[in-house]
Amino acid sequence: MSVLTFKGGVHPFDGKAMSKDTPIEELKPGKELAFMLSQHIGAPAVPLVAKGDRVLMGQKIAEGQAFISANIHSSVSGTVKSIEPRITATGMKVNAIIVENDGMYEAVEAEPQTKRIDELKPDEIRALVKEAGVVGMGGAGFPTHVKLSPKNEGDIDTIIVNAAECEPYLTSDYRRILEETDKLINGLKVVLQVFPKATGHIAVEDNKPDAIRLLKEKTQKEARIVVDTLKTKYPQGGERCLIYAVTKRKINSSMLPADVNCVVNNIDTVYAIYDAVENRRPLTERIVTVTGDAINNPQNFRVPIGTNLAELVDAAGGFKSEPEKLISGGPMMGIALYDLNIPVTKGTSALLCFTRDEVRENEPSNCINCGRCVSVCPGRIMPARLSVLAEHGDKEGFQALNGMECCECGCCSYICPAKRNLTQAIKSMRKEILADRRKK
């Protein structure tokens, strides 16, 4: 059996045993939900409701009116309390529609279906995906209808379903594969209908042998679908690394997957595409892993968008002891939290709760020029030198050494024996340079 991979990468402790065997559990939301108007890449959605309005479950409450934006739908029925700024996981304030849940869960009537899925044209599928507010749910949040509309549509020959789930501790994609296999495969078939010349690849790391067996069994009669086995290594699920592993095609920071005739979608995104097209159901929920050694009962929950993170902790049995570290997402690329009063968005994959803050315990020291950061870097750049340029504000030198090719995966910081904050320095410089480019 061929095991596909890329150059570089690291092997952190995966921590998946805590939650991988816990079936997905439905989580009912609390009395108040906050729907961020910016939970995707691109322009914020524009509210379609006002304070005092009653909304239904599945109702579109904000519309993405720019080319790169996404619709937002209510995951409950209730009354709009306000439209006000709320804190995001990044610490920024974003306007949000606050809905008081009435507990009745009255839903809007589904749009009648006049055609079978196999009768839908590509533009009709894109329209349904756009209306449902589907975005990339692996963290990036790129509007999916835009991703399904590349300029070189006729050249797309590879659709990759990112089922690697290479971030430690996360198991939501794994549970989705085991529990909703047919819907995932049908979602991929919908995407293949948009790109009739393409082959679908479901790419899974080899630490999930049962998932690989199940997918191969379910797709053995599907001529256009292949299940690829990936080597278990971080960041195997990174877009550039994944494309190289599956196709041996290379892309850089100035390219899109479509430039090498590929389209890549996360497991949850493919499921949401299926739900939008088959059931005419908007994206109002997602699977979230709640885990870590500070959590009593690590679990995977099906969570309505807008639910407060603190409610996820309660549903998982609360804390064993007061955590030192809270992370939204995975430990390698996730965001450290200082508060749990933050709503679940379309891009919230996990809530990690740890009794120790290992990063804070490590005191950075001088670089010893060992070169380990270079050996593990999937972007094949020199993190140690780039971090020094970043610390000195040398934007010209930073770009000359290809600093913009960093994918911010964190491998260099993880492997560094001097415990230097390489990724943080490089990430900050990249943000400054991108801001400068936008101003110009």
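Which residues does Ile 159 touch, not counting residues up to four places away in sequence? The legends below take up this question and two further close-ups of the predicted model.

**View 1. Ile 159 and its partners in the largest nonpolar core.** Ile 159 touches Leu 188, Val 191, Leu 192, Phe 195, Ala 198, Thr 199, Gly 200, His 201 and Val 263. The core has 40 residues, and Ile 159 belongs, with Leu 188, Phe 195 and Ile 202, to those with the most contacts inside it. At least two residues of this core come from each of helices H1 (122-131), H3 (172-179), H4 (181-194), H5 (209-219) and H7 (267-278), and likewise from each of E10, E11 and E12. Elsewhere, a second, separate core of 19 residues includes Ala 89, Phe 301, Val 313 and Leu 340.

**View 2. Helix H6 (residues 239-247), mostly covered.** Seven of the nine residues of H6 are buried: look for Cys 241, Leu 242, Ile 243, Tyr 244, Ala 245, Val 246 and Thr 247. Their packing partners are strands E1 (3-4), E10 (158-162), E11 (199-205), E12 (225-230) and E13 (262-266). After H6 comes Lys 248, with a positive phi near 65°.

**View 3. The second largest pocket, with a volume of about 750 Å³.** Of the 38 residues that line this pocket, Met 57, Gly 58, Arg 281, Pro 282 and Thr 284 are the closest to its centre. H7 gives the largest share of the lining, five residues, while H1, H7, strand E14 (285-291) and strand E15 (299-304) each supply at least two. By type, the lining divides into 19 nonpolar, five polar and 14 charged residues.

Key
Residues numbered from 1 in each chain as written. Predicted model: local features only at pLDDT ≥ 70, side-chain atom pairs only at ≥ 80, totals over all residues. Heavy atoms only, no water. Buried < 20%, exposed > 50% of the residue type's maximum accessible area, 1.4 Å probe, protein only. Helix = DSSP H or I, 4+ residues; strand = E, 2+ residues; numbered from the N terminus. Contact = heavy atoms within 4.5 Å. Core = buried A, V, L, I, M, F, W, Y, C linked by side-chain atoms within 4.5 Å. 1 Å grid on protein atoms, 1.4 Å probe; cavity = no way out; pocket = protein on both sides within 12 Å on 5 of 7 lines; lining within 4 Å. Points joined across faces, edges and corners; volume = space filled by probe spheres on them. Nonpolar A, V, L, I, M, F, W, Y, C, P; charged D, E, K, R; others polar.
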